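The structure comes first, and the description follows.

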Amino acid sequence: MRTVLRLVASYLALCVLLTTISQFAIPACTSVSKPRDVAIVLGGGSAPDKLTPDTAMRVATAVRLYREGMVKRLHMTCGNTLPGTRPGQVMAEAAIRAGVPPSAVSWEGQSLSTLQNALFSRPDLPKGETRIVVTEPFHALRGAASLAWAGRPAAACTTPETSGKAPRMTKVLLREVAAWAVNIPRALAYSLASALGLGAVFPDILLA
């Protein structure tokens with residue numbers, strides 16, 4: 001029993017470490033100096049036909065990278081986590097209103113998690129491209145790790161923090177630790193099932 005408890009404690013410590021690295025060690029998008037082909041903008045939840053504040057910040061940051069010539073195009077990824085919403089499309093429309101040509105914007109609107117963001121975005125992310133993930137600090141490392149898992153490795157940069165005051169920030173970070181704890185085994189199980197030809201046993205919906 002002690003061995004099991006030690007393993008659980010070690011695993012949770014790893015998840016805390018990954019969250020801490022993401023929060024404090026991933027560079028801000030304002031410091032990006034190496035151009036990439038595409039910025040992948042991860043959605044931050046749904047609202048009826050409008051962007052949540054964190055998603056709006058992510059889109060605005062990606063648009064700035066485009067204007068500065070740091071990326072050639074933008075890819076938006078977010079599904080309808082609330083009935084009747086269309087966040088991926090709304091993100092793309094916001095970028096176009098901000099001046100990004102429609103030909104330089106792609107989007108997908110089926111993903112309900114960061115793992116699905118990465119998996120469902122693969123058709124829009126050709127293998128030869130260079131990529132950078134745009135999201136908030138707490139989320140950046142998991143976003144990049146999810147894309148690497150999906151076979152589309154990317155760098156990452158962070159938007160200004162939108163989590164607000166300390167109580168909400170603490171809640172966000174604890175939720176991120178939990179997300180790591182759940183996503184690592186899910187990603188491993190999905191990859192193993194796929195390698196064994198058992199993809200139907202572990203369908204995409206189980207990554208949501």
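## Buried charges and their partners

Glu 136 counts as buried because its relative accessibility is 2%; buried means under 20% relative accessible area, exposed over 50%, and partly exposed in between (1.4 Å probe, protein chains only). The model is predicted: local features need pLDDT of at least 70, side-chain atom pairs count only at pLDDT 80 or more, and totals for chains, interfaces and linings use all residues. Residues are numbered from 1 along each chain as its sequence is written, and side-chain values use heavy atoms, with hydrogens and water left out.

Glu 136 forms a salt bridge with Arg 58, the closest N and O atoms being 2.7 Å apart. This pair links distant parts of the chain, with Arg 58 in helix H2 and Glu 136 in the loop between E4 and H5, 78 residues apart. A salt bridge here is a side-chain nitrogen of Lys or Arg within 4 Å of a carboxyl oxygen of Asp or Glu. Helices (H or I, at least four residues) and strands (E, at least two) are DSSP runs, numbered from the N terminus.

The structure holds six salt bridges. The table gives three of them, including the one above.

| Salt bridge | N to O distance |
|---|---|
| Arg 58 and Asp 54 | 3.9 Å |
| Arg 58 and Glu 136 | 2.7 Å |
| Arg 142 and Glu 176 | 2.6 Å |

Arg 58 and Asp 54 are four residues apart in helix H2 (residues 53-67), so about one helical turn separates them. Arg 58 is buried at 2% relative accessibility, and Asp 54 is buried at 14%. Arg 142 and Glu 176 meet in a salt bridge. That pair also links distant parts of the chain, Arg 142 in helix H5 and Glu 176 in helix H6 (residues 166-195), 34 residues apart. Both Arg 142 and Glu 176 are buried. Salt bridges that share partners join Asp 54, Arg 58 and Glu 136 into one network.

## Around helix H5

E4, helix H5 (residues 137-149) and E5 make a right-handed β-α-β unit. Right-handed means that, with the strands pointing away from the viewer, the path from the first strand over the helix to the second runs clockwise. Strands E4 (residues 131-135) and E5 (residues 155-158) run parallel and are joined by four bridges; two strands pair if DSSP finds at least two bridges between them. Val 133 has Ala 156 in E5 as its bridge partner.

The buried residues of H5 include Phe 138, His 139 and Leu 147. Just after H5, Gly 151 takes a positive phi of about 85°.

## The disulfide

How many disulfides does a search of the whole structure find? The search finds one, a disulfide being a pair of cysteine sulfur atoms within 2.5 Å. Cys 29 and Cys 157 form it, with their sulfur atoms 2.0 Å apart. The torsion about their S-S bond is about 85°, so the disulfide is right-handed. Cys 29 lies in the loop between helix H1 (2-25) and strand E1 (36-42) and Cys 157 in strand E5, so the pair ties together parts that are 128 residues apart in sequence. Cys 29 and Cys 157 are both buried.

Cys 78 has its sulfur 17 Å from the closest cysteine sulfur, in Cys 29, which is too far for a bond. Cys 78 is buried, with a relative accessible area of 6%, and Cys 15 is buried, with 0%.
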